[in-house]
Amino acid sequence: MAETSDYKLLSNINSPEDLRRLKQDQLELLSWELRQYIIEVLAENPGHFGSSLGSVELTVALHYVFNTPYDKIVWDVGHQAYGHKILTGRREQFKTLRRYGGISGFPNPQESEYDSFIAGHASNSISAALGMAIASQLKNENRKVVAVIGDGSMTGGLAFEGLNNASSDPNDLLIILNDNNMAIDRPVGGVSQHLVKITTSQTYNKIRFKLYNFLKKQGIIKEERKGFILRFNNSLKAFLTQQHNVFEGFNIRYFGPIDGHDIHGLIKVLNDIKDMKGPKLLHILTTKGKGFQPAEQDATIWHAPGKFNKATGERICEKSKDEPQLYQDIFGHTLVELAKKNDKIVGVTPAMPTGCSMTYLMKEIPERAFDVGIAEGHAVTFSAGLAKEGMLPFCNIYSSFMQRAYDNIIHDAALQNLDMVLCLDRAGLVGEDGATHHGALDLAYLRCIPNVTIASPLNEIDLRNLMYTATLPGKGVFAIRYPRGKGELKDWERAFEELPIGKGRKLKEGKDIAVISIGPIGNIVSQSLKKAQEKGVDAAHYDIIFLKPLDEDLLHEVGRNYKKILTVENGTIKGGLGSAVTEFMSDHGYKPSIRKIGIPDQFIPHGSIPELHRLCGMDMESITKTLTDFS
């Protein structure tokens with residue numbers, strides 16, 4: 001990897017103040033260097049690739065025009081913000097991106113004062129930036145606030161809640177829609193289609209600015225008249241262009257679309273509109289993966305491609321054909337298999353068909369697979385509507401994103417006791433994406449909801465059988481959680497078997513300690529038990545499978561026969577398996593000593609999964625030590 005000193009301009013940019021000292025005609029070269037540096041670093045240290053390449057010129061223009069960090073830039077989805085990190089004092093640290101102890105892949109105020117708001121999940125920028133803009137007004141600060149939304153985030157319901165509020169409360173918020181016609185997979189829905197079609201007449205622009213300046217000189221434009229002026233402006237635009245757009249329907253001043261890779265055009269427009277009163281939206285058109293041809297041609301693969309050869313564009317795939325498949329692929333293939341046997345089965349995903357492997361169903365039975373956009377709450381309620389009319393939806397949402405649909409699970413699904421399957425991909429620690437993406441809380445937040453069955457497979461065969469079991473009549477809301485990454489088995493394609501609801505199993509006999517685990521973390525437990533056996537600790541191992549309902553016969557057996565119990569889960573120890581076992585033992589008069597291994601009551605940083613397992617005491621060595629110390 002070349003040293004940053006090889007970059008003529010970028011090597012001297014240690015803050016946006018340095019950037020603002022440059023002449024405007026130097027910014028094209030700086031943008032080129034910034035893009036090349038992102039490509040160079042990510043070729044060896046993987047991260048989210050295409051989105052940040054597409055936002056390079058926008059990033060440079062924003063920090064050139066606005067007085068950051070006093071002026072606030074709120075990024076929506078941190079995929080866009082790598083250039084922002086590099087220009088705000090983290091150029092050398094960028095080489096540690098997403099590594100344990102290095103900088104995060106997402107904006108985080110704890111990392112830098114330039115990161116105005118955390119941005120790991122989508123669609124929150126407008127709401128957060130509006131709050132910051134109004135706070136600035138209340139404190140009589142002359143602070144500019146910009147929300148940068150894009151990469152599919154405008155499909156999220158929260159974005160429209162923010163737009164609605166921005167149109168009704170006095171504010172000077174600037175919203176920039178970075179429209180790259182992409183999320184991770186191709187965007188869906190009427191909003192995305194509408195954004196592609198929006199055009200702006202040059203005649204209209206000329207007349208609008210002339211009229212604006214004339215009315216301002218005449219003293220007609222005043223704060224109390226801005227609603228009238230905005231409506232007049234929108235009517236003028238509709239007359240000249242013969243079309244409306246959704247943002248003007250919110251009474252938000254709309255500018256664009258303009259070329260998001262024209263650095264000089266961006267700077268001119270930003271300077272023109274930054275001091276305008278009232279909420280406004282600038283629509284820019286960019287190319288995801290700009291400047292790296294393979295990424296421009298296949299933005300889905302190059303959203304997060306892993307390591308690659310920067311010269312040839314060849315991706316360096318480390319996975320061997322002989323290795324077990326990813327859990328997500330087991331889900332995808334099994335869903336197709338089940339759907340071919342049951343015409344009531346449908347698949348639903350919020351903008352993650354590739355990530356969760358819903359693409360297999362989309363290919364085989366496209367009329368029964370639905371990508372609903374970045375809209376997790378809608379995905380659950382849409383699934384509930386399907387279930388209410390007799391369909392059997394498999395609603396696949398990453399565990400940390402399912403948090404965004406919590407009320408929908410309770411009010412729209414569980415309360416009606418509907419037969420539907422919630423598939424929680426990426427459950428537990430997920431690695432380099434960090435705190436915003438760890439699926440740490442699902443066991444705890446689902447356990448307290450009535451009419452919900454909660455299960456987690458030990459391996460791929462269990463995943464298939466749980467999916468099959470969930471298709472049988474009268475199962476209600478059936479949640480299946482499984483981790484990111486590879487499974488354990490190569491011969492997973494076996495005949496389906498029903499798994500009795502609320503029944504676990506004993507995997508190993510033992511007399512000293514009872515270890516109760518749930519999910520694939522049980523495979524690490526099994527390895528630990530062998531090591532502990534070598535050290536004289538004879539521990540029994542129970543795979544509970546179902547957190548709810550619990551296998552009470554199994555737990556009574558443990559309560560009667562063991563004075564020491566160790567619970568292990570790849571989820572928070574507050575409210576999860578350990579809490580459930582402790583409650584059961586207390587409720588039934590058993591008084592064992594109980595220790596819990598899991599994710600502690602804190603947000604876990606980014607790093608590789610083995611590193612994070614060690615951090616949380618969930619790796620083989622740590623579990624072995626706990627067993628020997630506990631015995």
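The exercises below, each with a worked solution, concern a predicted model.

Local features require pLDDT of at least 70 and side-chain atom pairs count only at pLDDT 80 or more, while totals for chains, interfaces and linings use all residues. Residues are numbered from 1 along each chain as its sequence is written, and side-chain values use heavy atoms, with hydrogens and water left out.

**Exercise 1.** Determine how many disulfides the structure holds, and examine Cys423.

*Solution.* A disulfide is a pair of cysteine sulfur atoms within 2.5 Å. For Cys423, the closest cysteine sulfur belongs to Cys395 and lies 7.8 Å away, which is too far for a bond. The structure holds zero disulfides. Cys423 has a relative accessible area of 1% and is therefore buried (buried means under 20% relative accessible area, exposed over 50%, partly exposed in between; 1.4 Å probe, protein chains only). Cys616 is also buried, at 10% relative accessibility.

**Exercise 2.** Locate Asp512 and state its accessibility class.

*Solution.* Asp512 is situated in the loop between strand S12 (505-508) and strand S13 (513-518); strands are DSSP runs of E with at least two residues, and helices are runs of H or I with at least four, numbered from the N terminus. Its relative accessibility is 29%, so Asp512 counts as partly exposed. Asp538 is 26 residues from Asp512 in sequence, with a C-alpha to C-alpha separation of 5.3 Å.

**Exercise 3.** Place Asp25 in the fold and classify its accessibility.

*Solution.* Because its relative accessibility is 61%, Asp25 counts as exposed.
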